Amino acid sequence: MAIIGCLFATSALAQGVEERLSRLETSVSAAQSAGDNAWMLMSAALVLLMTGPGLALFYGGLVRKKNVLATMMQSFSLMAVITVLWALYGYSIAFSEGTPFFGGTSYLFLRGVGMEPNADYAATIPQQTFMVFQLMFAIITPALITGAFAERMKFSAMLIFMVLWATFVYFPLAHMVWGKGGFLNAALGGRVPALDFAGGTVVHISSGFSALVCAIILGRRLGYPKVPMLPHNMVLTFIGACLLWVGWFGFNAGSALSSNGLAANAFVVTHFAAASAALGWMFAEWIRHGKPTVLGALSGAVAGLVGITPASGFVTPMAALIIGVVASVGCFLMVTEVKKRFGYDDSLDVFGVHGTGGTIGALLTGVFATKAINPIFKDSAGNPLPVGLVDGNAAQVLNQLIGVIVSIALAIVGSFIILKVLDSTIGLRVSEDDEVTGLDLTQHGEEGYNLDLELTPTRAIERNAMSTSTAASAAPAHE
């Protein structure tokens, strides 16, 4: 009887231990999910910060003061427009299963996108969190393009162009690179395993080359390049660039989709690349032109951030320093030499920085990606395989080149067709009179600054009254 009693006690103890272990595992899982969700919501907010106020201030300071509000309004309006498109059908095209080039309809109107995770994309956060994080990328990408046609495109034409561009260029490309079964998806059954951790192809190459098409089709601004068109407020641009740098941590580190070591690496390499790139552009400019400008340093930092974007989840910090320098010097040459030679008016150098930097970064990802950071490729037994050229996988450079070519082709062809259709129907460009007056007044009926106005009538009357009073007090008493 004593033995039987001991057996029952042991069995009860074992069951109690199993129950406690089960509860502990549940608690740990819940804590991980909570931590990951908090980080991803913060990352989504950081990426939105990149568009407004980051990009709005950065671009707004670079244009002439008669166009500052119109330029900033383009970024702000896209925060609203793209959000609505994403909710209606954009997320479904990008992330539901369909063909290798276009997603399906299972997530139309966000049907089924709730608080349960989608294990294919992010197993520890609600799909709704994943959805809103990806939305912020969809917002900033078309906003980047607006810098190419700054100061000369009608607001109405811009809105329609961006709706069509997002629908036929961005959403399908996002599916190809990040969607399950997408043609270029390296992790979820893609035919060409191109690596793009946070948007080198999807965001920067697509926006940069589309920007080039916009600049060419709309033509040069009146007076360009003979008339100086200097930034009207470098302080705004400085603040905007710093906000972009900070927001980029959410852009890249958030793309780990979890608060883990991969996110930490992406955070570190993002910062390192921006720093080396800022110095690279600054010293290149110093050597070439004799002075390091503030705009040059800011542009270099952005170029480095662009270059590290596709590589941030695959490379070491030392590789990030190299990528930053190469990207910044390459963008510097594109902006100062190539643009001048061909004469196109890419107003705020979207192609020169984003198109060029994104291409350099995507190709160098194939060189420096390593399994020590992200063992994305594995054999049938689950053992890590070489990732990039430094690991011994030279073929990855070819995969990256294919990804770049597909992105460029879609961006150029899609943008060209959309722009030509709009130009032949509603027209793209403001009139010459409107361009001379400025888009702030002609497109929105407002001005960014009232500093040049004379005294208002009320103030003028007050000043005249004070002058009369002073003259009277100074007159002889008997008069």
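Arg 64 forms a salt bridge with Glu 151, with the closest N and O atoms 3.1 Å apart. A salt bridge here is a side-chain nitrogen of Lys or Arg within 4 Å of a carboxyl oxygen of Asp or Glu. The pair links distant parts of the chain, 87 residues apart. Arg 64 sits in the loop between H1 and helix H2 (68-95), and Glu 151 in the loop between H3 and H4. Helices are DSSP runs (H or I, at least four residues), as are strands (E, at least two), numbered from the N terminus.

This is a predicted model: local features need pLDDT of at least 70, and side-chain atom pairs count only at pLDDT 80 or more, while totals for chains, interfaces and linings use all residues. Residues are numbered from 1 along each chain as its sequence is written, and side-chain values use heavy atoms, with hydrogens and water left out.

Why does Arg 64 count as buried? Its relative accessibility is 18%, and buried means under 20% relative accessible area, exposed over 50%, partly exposed in between (1.4 Å probe, protein chains only). Glu 151 is buried too, at 2%.

Glu 151 has another partner. Arg 221 forms a salt bridge with Glu 151, the closest N and O atoms being 2.7 Å apart. Arg 221 lies in the loop between helix H5 (200-218) and helix H6 (234-253), and Glu 151 in the loop between H3 and H4, so this pair ties together parts 70 residues apart in sequence. Both Arg 221 and Glu 151 are buried.

A further salt bridge joins Arg 288 and Glu 337, with the closest N and O atoms 2.8 Å apart. It links helix H7 to helix H9, across 49 residues. The salt bridge count comes to nine.

Next, a loop residue. Asn 393 is found between H10 and helix H11 (395-425). It is buried, with a relative accessible area of 18%. Its side chain reaches the backbone oxygen of Val 387 at 2.9 Å. Leaving aside neighbours within four places in sequence, Asn 393 is in contact (heavy atoms within 4.5 Å) with Phe 377, Pro 386, Val 387 and Gly 388.

Now the pockets. A pocket is an open set of points on a 1 Å grid over the protein atoms alone, where a 1.4 Å probe fits, with protein on both sides within 12 Å along at least five of seven lines; lining residues have an atom within 4 Å of a point. Points are joined across faces, edges and corners, and a volume is the space filled by probe spheres set on them.

The largest pocket holds about 1,100 Å³ of space. Its lining has 37 residues, with Leu 295, Val 335, Lys 339, Ser 347 and Asp 349 nearest the centre. H9 supplies the largest share, six residues. By class, the lining has 20 nonpolar (Ala, Val, Leu, Ile, Met, Phe, Trp, Tyr, Cys and Pro), nine charged (Asp, Glu, Lys and Arg) and eight polar residues (the others, Gly among them).

The second largest pocket holds about 780 Å³. Of its 31 lining residues, Tyr 121, Ala 187, Phe 197, Ser 255 and Leu 257 lie nearest its centre. H3 gives the most to this lining, four residues. The lining divides into 20 nonpolar, eight polar and three charged residues.

Terms used
Polar contact = N/O pair within 3.5 Å; in protein donor to acceptor, adjacent residues only side chain to side chain.
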